[in-house]
Amino acid sequence: MIASFPDEPGMSRTISAWKTITAKRCGIKWQSNFFDHRLRNDDEFVEKAHYIRMNPVRAHLCKFPEDWPWVVCPSEPQREAQVREAQVAAGVLGG
């Protein structure tokens, strides 16, 4: 999953709450920990998104990443708008 989180309540509390809710509602048994990696630029975003998209292929759950039905990806114009919005919010670009 690629996601962003506000400072409060923060990533750890948000992920913990999400895991609790999905475990109860969907009967999912989650591993106790998670790994997070800060995405510092668009190249890292593309690299990690590709890695995640290939997980079901590596697990032999589908032949091609496009065949995996449980994916929500913004279109390229949406992605560009999100990157620009994040840069404005971070003060990298003027609004």
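User: Where is the place of Trp 68?

Analyst: This is a predicted model, in which local features need pLDDT of at least 70 and side-chain atom pairs count only at pLDDT 80 or more, while totals for chains, interfaces and linings use all residues. Residues are numbered from 1 along each chain as its sequence is written, and side-chain values use heavy atoms, with hydrogens and water left out. Trp 68 lies in the loop between α2 and α3, where helices are DSSP runs of H or I with at least four residues, strands are runs of E with at least two, and both are numbered from the N terminus.

User: Which residues does Trp 68 touch, not counting those up to four places away in sequence?

Analyst: Contact means heavy atoms within 4.5 Å, and by that rule Trp 68 touches Pro 56, Leu 61 and Cys 62. Its relative accessible area is 25%, so Trp 68 is partly exposed (buried means under 20%, exposed over 50%, and partly exposed in between, with a 1.4 Å probe and protein chains only).

User: How is an aromatic pair described?

Analyst: In general, a pair of aromatic rings is described by the distance of the centres and the angle of the planes. Rings of Phe, Tyr and Trp (its six-membered ring) pair if their centres lie within 6.5 Å, and planes under 30 degrees apart count as stacked, over 60 as edge-to-face and the rest as tilted. The search of the whole structure finds 1 aromatic pair: Trp 18 and Trp 30 are tilted, at 5.1 Å centre to centre and 50° between the planes. Trp 18 lies in helix α1 (residues 11-26) and Trp 30 in the loop between α1 and α2, so the pair ties together parts that are 12 residues apart in sequence.
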